[in-house]
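Subject: Structure for you to look at, with notes

Hello,

I am passing on a structure for you to look through, and my notes follow it. Please keep it open beside this message while you read.

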Amino acid sequence: MNTKYKNAVEDWPLYDSILIASNANTLYRGAGFFNSYQELSAPAQIPFFNVRNRSVGVQYCNMDSANKMPYVYHLQSIGIAVEAPLASCARDALPVAERTEASDLFFANDLINHLGFIFRVAQDEKMVTNARYLPSGEGIVGWGGNQTETIGNQFLTSTTVTNGVATNENRYPLPTPISIPREENIEGSLILSPYAREALAKMIGPGDWPCISQSNIPDQKPQAALIRITLYGVREVQQRNALHYAG
Amino acid sequence: MNENTATSEPRRNAVESWPIFDTVQIGQGQADVSKAGWYNSFAELGNETQIPFFDQRTRSSVGPMYCNLDSAEQVPYPYTAYSIGVEVKTPSLADFHANFPQIESQSKSCNYETFVDMFKHAAFRLQVSQDEKILSNTMTLPGGVGGDGFYNGVSINPVNNYTSKFNMYNNGMAVIKNRLRLQNPVHIPRNRNISGSLIFSTYARDVLQGLEGPLVTPLSIPASPATGVALDYGVNAVCQIRVSLIGARQVQQRNDLHFAG
């Protein structure tokens with residue numbers, strides 16, 4: 001055939017996440033998710049972009065395949081978001097040892113100082129850095145005042161801590177984009193220092209959201225912490241739609 | 001030689017965006033980390049006339065989360081630095097649960113604010129070989145990274161009076177562009193050594209030498225104020241000084257997207 005094929009360039013973010021919440025592995029079907037901070041202390045490395053695909057939910061991963069890139073991709077910026085629950089539990093009806101806010105705050109703001117990040121295309125290291133250098137430009141911003149009264153003997157603290165100022169342009173730029181060939185595999189690894197693993201092993205949580213059911217009975221749902229790594233860039237795909245011409 | 005063989009083809013370097021960074025940690029036990037050149041206390045740090053960077057540690061000696069240099073001797077590729085930043089990090093949690101004597105006594109006196117304040121009284125020097133390329137007060141070298149946000153704790157129990165104090169200090173606003181831009185980039189030839197020195201003033205060293213800590217970062221609460229040892233529910237607190245160059249390195253072409261010549 002003599003028809004010429006031309007790729008179209010499309011803005012396309014890629015992202016992958018791990019969720020940390022009680023029963024996250026079973027309840028939310030997440031491959032490589034963790035049930036607690038303590039469980040997160042076990043691996044020396046946490047892999048991204050080669051474990052999950054969109055079957056875990058497009059909220060957490062938009063990779064079509066966990067094995068290789070189905071299109072040519074030009075990576076223009078990388079960001080890592082480490083997010084604790086917006087509210088942490090402080091329940092005086094339960095033993096004080098179950099208060100989780102100290103662990104949540106360490107996870108949100110301190111842990112990342114002890115995480116390395118390596119990004120590979122095939123076996124080739126394209127980025128080796130401390131995770132703090134990769135602000136995500138994402139996050140909830142604002143202010144929450146806690147109340148002094150109790151709701152079902154449960155108190156909440158308010159936390160809006162992000163990795164860097166949450167403005168979309170605040171990401172580690174790649175003026176020389178990282179070009180990823182089609183059908184190549186990529187991998188991002190978060191590497192925990194011995195100090196990070198020691199701290200995680202001693203942390204409790206994430207805790208629970210206090211919920212008041214319709215019958216006014218206090219209930220609890222798990223809170224979730226997460227780490228989301230985002231790649232911003234463009235992909236090259238075959239032309240589609242009427243706006244494209246054949247060659 | 002056949003001109004089609006790989007060895008006869010001209011070599012071209014590929015330019016890759018690449019940061020270079022190095023970290024000094026201060027905390028109990030940090031001086032014992034092999035080949036790290038770290039410090040056990042603020043006082044130990046205050047004893048130094050210069051704190052060296054970029055020629056002490058490597059990625060294999062301390063881990064890629066603290067340093068990404070392959071060699072402490074020389075830079076293995078041509079490198080162009082477009083910006084430089086100095087960060088200071090303290091634990092977020094201190095004075096976290098007052099009236100628990102075991103924690104209070106070990107976390108209250110961490111003096112993080114004083115430690116951070118001393119960076120107003122510090123300068124940083126970057127040298128390429130013997131050539132001084134940057135010499136500036138650290139306040140002029142914002143890191144451009146760090147935490148951002150808000151925490152509102154509670155004081156809920158009238159008996160134990162739990163309080164929650166949360167620290168978040170950055171050298172400048174945590175926006176990646178907020179770094180000293182080098183309008184005339186610093187070019188570092190291949191196999192050349194670089195070194196950085198953080199230099200505290202006599203005043204800052206005097207203050208640091210009298211500063212207690214870092215001690216303990218609490219991570220949870222003991223079941224009873226009368227039981228437990230602080231480290232059962234916490235870790236040794238660690239402060240960090242991190243210096244970074246953001247720029248580009250030149251390396252040999254790799255992968256299918258590169259062409260041979």
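This is a predicted model: local features need pLDDT of at least 70, side-chain atom pairs count only at pLDDT 80 or more; totals for chains, interfaces and linings use all residues.

Residues are numbered from 1 along each chain as its sequence is written, chains are lettered from A and ligands numbered from 1 in the order in which they are written, and side-chain values use heavy atoms, with hydrogens and water left out.

**A serine in chain B**

With that term in hand, please find B:Ser244, whose side chain makes a polar contact with the side chain of A:Tyr133 at 3.3 Å, and another with the side chain of B:Arg179 at 2.9 Å. B:Ser244 has a relative accessible area of 1% and is therefore buried, a word that stands for under 20% relative accessible area, whereas exposed means over 50% and partly exposed lies in between (1.4 Å probe, protein chains only). If contact is taken as heavy atoms within 4.5 Å, and residues up to four places away in sequence are not counted, B:Ser244 touches A:Tyr133, B:Ile20, B:Phe21, B:Ser83, B:Ile84, B:Gly85, B:Glu87 and B:Arg179.

**The strand around the serine**

B:Ser244 belongs to strand E11 (residues 239-252) of chain B; helices (H or I, at least four residues) and strands (E, at least two) are DSSP runs, numbered from the N terminus. Twelve of the 14 residues of E11(B) are buried, and the strand is mostly covered. Two strands are said to pair if DSSP finds at least two bridges between them, and E11(B) is joined by 14 bridges to strand E1 (residues 13-26) of chain B, the two running antiparallel. In that pairing, B:Val15 stands opposite B:Gln250. Ten bridges join E11(B) to strand E3 (residues 79-89) of chain B, again antiparallel, and B:Gly85 is the residue opposite B:Ser244.

**A four-stranded sheet**

Chain B also holds an open sheet of four strands, in the order E2-E8-E4-E5, with antiparallel pairing. Strand E2 (51-53) and strand E5 (131-137) stand at its edges with a single partner strand each, so one side of each has no neighbour in the sheet. Neighbouring strands of this sheet are turned by 20 degrees against each other on average, direction ignored; the axes are lines fitted to C-alpha atoms, for helices over the stretch in contact, and angles run from 0 to 180 degrees between N-to-C directions.

Strand E8 (residues 194-200) of chain B pairs with E2(B) in the antiparallel sense over three bridges, where B:Ile51 faces B:Leu198 and B:Pro52 faces B:Ser197. E8(B) also pairs with strand E4 (residues 122-128) of chain B, over seven antiparallel bridges, and here B:Leu126 has B:Gly196 as its bridge partner. Because six of its seven residues are buried, E8(B) is largely enclosed by the rest of the structure.

As for the chain as a whole, the secondary structure of chain B comes to five helices and eleven strands, and 52% of its 261 residues count as buried.

Which residues of helix H4 (residues 194-202) of chain A are buried? They are A:Tyr195, A:Ala196, A:Ala199 and A:Leu200. Seen down the axis of H4(A), these residues fall within an arc of 130 degrees, so they line one face of the helix; the arc is that of the directions from the helix axis to the C-beta atoms.

The other place is A:His74, which lies in strand E4 (residues 72-83) of chain A and, at 19% relative accessibility, counts as buried. Its side chain makes polar contacts with the side chain of A:Ser179 at 3.0 Å and with that of A:Glu236 at 2.7 Å. A:His74 and A:Tyr232 are 158 residues apart in sequence and 8.6 Å apart in space, C-alpha to C-alpha.

Best wishes

Notes. A polar contact is a pair of N or O atoms within 3.5 Å; within protein, one must be able to donate a hydrogen and the other to accept it, and residues adjacent in sequence count only if both atoms are side-chain atoms.
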